[in-house]
Amino acid sequence: MTAPSTFGLSSEARNLHWLLSNLVEEVPGILSVAVVSSDGLLLLSSDPGRNAEARQAPGERRGGPRGSAADLATIVSGIGSLTVGAAKLMKFGRVRHTMVAMDEGSLFVMAISDGSLLGVHGSAECDMSVVAYHMALFVGRAGHVLTPELRSELRKSLESESAGSAR
């Protein structure tokens with residue numbers, strides 16, 4: 001994982017970066033992680049530098065979906081929308097988490113707050129219960145600090161990183 005620069009960020013934003021880095025480093029089998037706002041925008045990623053890498057080498061296999069944090073954010077947002085719609089249709093209350101087990105990996109989506117989502121792409125070898133437990137810890141620690149102001153700061157930080165890597 002490439003550590004994103006946290007220079008100039010608030011202490012809350014630095015703490016979220018640290019929590020995300022800790023999640024990826026502590027849990028075996030996690031390939032990529034994305035925090036997505038309620039409107040589907042990527043706020044925080046386990047490896048924001050891979051967006052530029054994905055544009056440069058489209059044929060290589062990478063750890064995440066097509067190697068891009070933005071791709072994972074798109075998938076997480078879509079699954080989040082689909083499950084929220086299903087829950088409303090069935091009148092079963094709000095969606096807390098979704099797990100998708102595939103032959104060669106897993107995808108986990110968990111609600112954080114105000115419609116924000118945590119998405120984790122795991123390898124086939126990852127222990128789904130361990131990943132879900134650590135995601136719940138992240139959500140418990142991050143949910144109360146993910147204010148509209150912090151979401152705006154994280155979004156601006158990602159935009160400035162993307163602009164810097166595009167040059």
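These legends accompany several close-up views of the structure above. The model is predicted, so local features need pLDDT of at least 70 and side-chain atom pairs count only at pLDDT 80 or more, while totals for chains, interfaces and linings use all residues. Residues are numbered from 1 along each chain as its sequence is written, and side-chain values use heavy atoms, with hydrogens and water left out.

**View 1. Strand 1 and its two partners.** Strand 1 (30-36) is mostly covered, with six of its seven residues buried. Strands here are DSSP runs of E with at least two residues, and helices are runs of H or I with at least four, numbered from the N terminus; buried means under 20% relative accessible area, exposed over 50%, and partly exposed in between (1.4 Å probe, protein chains only). Strand 1 pairs with strand 5 in the antiparallel sense over six bridges; two strands pair if DSSP finds at least two bridges between them. Ile-30 has Gly-122 of strand 5 as its bridge partner. Strand 2 also runs antiparallel to strand 1, joined by three bridges, and here Val-36 stands opposite Leu-42.

**View 2. The turn of the hairpin.** Five residues lie between strand 1 and strand 2 in this hairpin. Look for Gly-40 in the turn, with its positive phi of about 85 degrees.

**View 3. The largest nonpolar core.** This core has 27 residues, and Leu-16, Val-35, Leu-118, Val-120 and Phe-138 are those with the most contacts inside it. A nonpolar core is a set of buried Ala, Val, Leu, Ile, Met, Phe, Trp, Tyr and Cys residues joined through side-chain atoms within 4.5 Å. Elements that each supply at least two residues include helix 1 (11-26), strand 1 and helix 4 (128-142). Helix 1 gives the largest share, six residues. A second, separate core of 13 residues includes Val-36, Val-109, Ala-111 and Leu-158.

**View 4. Around Phe-138.** Leaving aside residues up to four places away in sequence, Phe-138 touches Leu-16, Leu-19, Leu-20, Val-35, Ile-112, Leu-118 and Gly-143. Contact means heavy atoms within 4.5 Å.

**View 5. Ser-113 in its loop.** Ser-113 sits in the loop between strand 4 (105-111) and strand 5 (117-123). With a relative accessible area of 16%, Ser-113 is buried. Ser-113 touches Gly-143 and Leu-146, again not counting residues up to four places away in sequence.

**View 6. Leu-89 at the surface.** Leu-89 lies in helix 3 (residues 69-90) and is exposed, with a relative accessible area of 75%.
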